[in-house]
Amino acid sequence: AKMGGKEKERRQRESVEEIRRRLNGDTRKFLGQMAAQFSMPTLRGFGFFLMQVCNRVFERVTVDPRQIEKFRKVQSDIKTYGPVLLLPSHRSYLDFLLVSLIAFAYDCKIPLIAAGEEFAKIGLINYVLRASGAFFIRRKLHEDDSDLYPVILREYFKEITKSHGVIEFFLEGTRSRTGLLLEPKKGLLAMALDLLFSGEVPDVQLVPISISYERILEDQSFPRELLGEKKVKESFLRIL
């Protein structure tokens, strides 16, 4: 039997509503997995804890105060200078903690930090990092064959870049095992520059940061990985 016009329209409406419900559910799921959730009490507590750790782990941490003052000037007036992208070199897990700690110690704006989604799967680490400004992204955007995830990431990243104004991510995408700079991953940088080219921000300030260590905490695992051993899965105990 042929389907009547009204019945066909009803089924089409139901199909559209089902698609909308699914998209809304996926959007909420992706944002829940991704988004940072700043908590000042957690941030202050974590900052104090990191300062105690650094006092024990490092003999000293040396920064250029002139560059700190330049950063302080730019990050205090985002409307004039545009958002600031902090682009550190990446050799250790401590890199993003050090950048935030230095911003904390010098009373600068704490950056929102792009972190790998695997850290969001580690209970306490997930909570502390998310409350301290980390947002979590997949290393492979299409790993579940969803075309929605890259769209959500792009819109979320653009929104926090405009509203928060200070974003940190690693152009190399992962830690360098050799000490040499890796080929840059341009995805997040391209998203930020889209804001500039579309006229949504007056400018974009790129701040390359070189972080050097006399010895890194991962100096025992990196040689084994370079010799072909499988990378050890991230865990709470491994990070500690």
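I began with the sheet in this predicted model. I found an open sheet of 5 strands in the order S3-S2-S4-S1-S5, paired in parallel.

Strand S1 (residues 84-88) pairs with S5 in the parallel sense over 5 bridges. I took Val84 as an entry point, and its bridge partner in S5 is Gln205.

I then checked which helices pack on the sheet. Helix H5 (residues 94-105) touches S1, S2, strand S4 (166-168) and S5, and its direction makes about 160° with that of S4. H7 touches S2, S3 and S4, and its direction makes about 160° with that of S3.

Strand S2 (residues 112-116) and S3 pair in the parallel sense over 4 bridges, and Ile113 has Ala134 as its bridge partner in S3. S2, helix H6 (residues 123-131) and S3 form a right-handed β-α-β unit. I looked at both faces of S3 (residues 134-137): Ala134 and Phe136 on one side are buried, as are Phe135 and Ile137 on the other.

Last, I looked at a helix pair. The axes of helix H7 (residues 148-163) and helix H8 (residues 187-197) come within 10 Å and cross at roughly 60°. That angle makes H7 oblique to H8. I recorded the crossing as right-handed. Among the residues that meet there are Leu153 and Phe157 in H7, and Leu188 and Met191 in H8.

Notes
Residues are numbered from 1 along each chain as its sequence is written. This is a predicted model: local features need pLDDT of at least 70, side-chain atom pairs count only at pLDDT 80 or more; totals for chains, interfaces and linings use all residues. Side-chain values use heavy atoms; hydrogens and water are left out. Buried means under 20% relative accessible area, exposed over 50%, partly exposed in between (1.4 Å probe, protein chains only). Helices (H or I, at least four residues) and strands (E, at least two) are DSSP runs, numbered from the N terminus. Two strands pair if DSSP finds at least two bridges between them. A crossover is right-handed if, with the strands pointing away from the viewer, the path from the first strand over the helix to the second runs clockwise. Axes are lines fitted to C-alpha atoms, for helices over the stretch in contact, and angles run from 0 to 180 degrees between N-to-C directions. Angles under 35 degrees count as roughly parallel, over 145 as roughly antiparallel, 65 to 115 as roughly perpendicular and the rest as oblique. A crossing is left-handed if the near helix is turned anticlockwise from the far one by less than a right angle, and right-handed if clockwise. Contact means heavy atoms within 4.5 Å.
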